[in-house]
Amino acid sequence: MIDLTGKVAVVTGASRGIGRAIAAKLHSAGAEVVLVARNPQRLNEAAEELGNAMAVPMDVSAADEVQTGFKNIIREKGKIDILVNNAGITRDNLLLRLKEEDIQQVLDINLKSMFFTSKNVLKPMMKQRWGRIINITSVIGLTGNSGQSNYAASKAGIMGFTKSLAKEIGSRNITVNAVAPGFIETDMTAELSEDVQKEMAASIALGRFGSTEDVANAVLFLASDLADYITGEVMNVTGGMYM
Ligand code: NAP
């Protein structure tokens, strides 16, 4: 039984989908969870579900908003033990049709944001010589996907970022890992056409789409003491869609 009592965990993109499931999972293991997303209404609804957890609305791609938001969290909670960088978006199109803003937004929200959030937790984590940073990437960062060059580049970038940071701060007893989900049933994948969904299902060894809880379980493990000696890893949660 994993017990995170006494730990403070910040989860970005926690108002719905995978992030919401991660927040609920860490909360049920005893952690004090802080939820981050842009839309305050949906965020507050999610926070209420977790016994009025702290909710801090911010755009994770805006360095100043992240700095202010994380300062508030540390002032209120005294520390941050676990950071889950989960916020992400897609703006799919073939490269020839991709607008510059679709490229920029995806790279900023999915990848650049992790530099900002991680930077703001390092000092408190280093001081206490314990920390966990878990970055949600995607199987698409490993395989690539037609129509998702911006998304795939952002997700591959997360893997390089994860490994580099793991090397930078390993000696401080801070681990940095990534989780790469495959096809998970959420708002994001509901947008895909039925044909694409069928094609993807056919390539999954376990023969089913993943649930948000499947991803949350992997994050819980990496956040726990059971994963003390694991860092710089990319853990695939794809049901065998990618091996
Ligand atoms: P989702 O249902 O669309 O939820 C995205 C979350 O991120 C929302 O809470 C959203 O809230 C927040 N968010 C988006 N932009 C933000 C920003 N700039 N600042 C702060 N929060 C922001 O997505 P999901 O399917 O759960 O995906 C979560 C993560 O898993 C993403 O990184 C995604 O790439 C990854 N992933 C998903 C799948 C899948 O099959 N679903 C597979 C592989 C990887 P607001 O809009 O209110 O900000």
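Select helix H1, residues 17-28. At 1.5 Å a residue, its 12 residues should span 16 Å, and the end C-alpha atoms are 17 Å apart, which agrees; the expected span is 1.5 Å times one less than the number of residues. Helices (H or I, at least four residues) and strands (E, at least two) are DSSP runs, numbered from the N terminus. The model is predicted: local features need pLDDT of at least 70, side-chain atom pairs count only at pLDDT 80 or more, and totals for chains, interfaces and linings use all residues. Residues are numbered from 1 along each chain as its sequence is written, and side-chain values use heavy atoms, with hydrogens and water left out.

Within H1, display Ile 18, Gly 19, Ala 21, Ile 22, Ala 23, Lys 25 and Leu 26, which are buried. Here buried means under 20% relative accessible area, exposed over 50%, and partly exposed in between (1.4 Å probe, protein chains only). The cover over these buried residues includes strand E1 (8-12), E2, strand E4 (82-85), E5, E6 and helix H9 (212-223). Gly 30 follows H1 and has a positive phi, near 105 degrees.

Next, select the sheet. Its 7 strands are arranged in the order E3-E2-E1-E4-E5-E6-E7, forming an open sheet with parallel pairing; two strands pair if DSSP finds at least two bridges between them. Strand E3 (54-57) and strand E7 (234-237) stand at the edges with a single partner strand each, so one side of each has no neighbour in the sheet. From one strand to the next, the twist averages 20 degrees. Helix H2 (residues 40-49) packs on this sheet and touches strand E2 (32-37) and E3, its direction making about 165 degrees with that of E3. Contact means heavy atoms within 4.5 Å; axes are lines fitted to C-alpha atoms, for helices over the stretch in contact, and angles run from 0 to 180 degrees between N-to-C directions.

Move to strand E6, residues 174-181, which pairs with strand E5 (residues 131-136) in the parallel sense over 6 bridges. Ile 133 has Val 176 as its bridge partner in E6. On the E7 side, 4 bridges join the parallel strands E6 and E7, and Pro 181 has Val 237 as its bridge partner. Which residues point each way from E6? Ile 174, Val 176, Ala 178 and Ala 180 point one way, while Thr 175, Asn 177, Val 179 and Pro 181 point the other. Since 8 of the 8 residues of E6 are buried, the strand is largely enclosed by the rest of the structure.

Now centre on the ligand. Of the 30 residues around it, Ser 15, Ile 18, Asn 86, Tyr 151 and Thr 186 come nearest, where a residue is near if one of its heavy atoms lies within 4 Å. A side-chain N or O atom of Ser 15 is 2.6 Å from an oxygen atom of the ligand. For Arg 38, a side-chain N or O atom is 2.8 Å from a ligand oxygen, and for Gly 182 a backbone N or O atom is 3.5 Å from one.

Finally, inspect two loop residues. Most residues other than glycine have a negative phi. Asn 52, in the loop between H2 and E3, has a positive phi near 55 degrees and counts as exposed at 63% relative accessibility. Asn 173, in the loop between helix H6 (149-169) and E6, has a positive phi near 65 degrees and is partly exposed, with a relative accessible area of 34%.

Conventions:
Polar contact = N/O pair within 3.5 Å; in protein donor to acceptor, adjacent residues only side chain to side chain.
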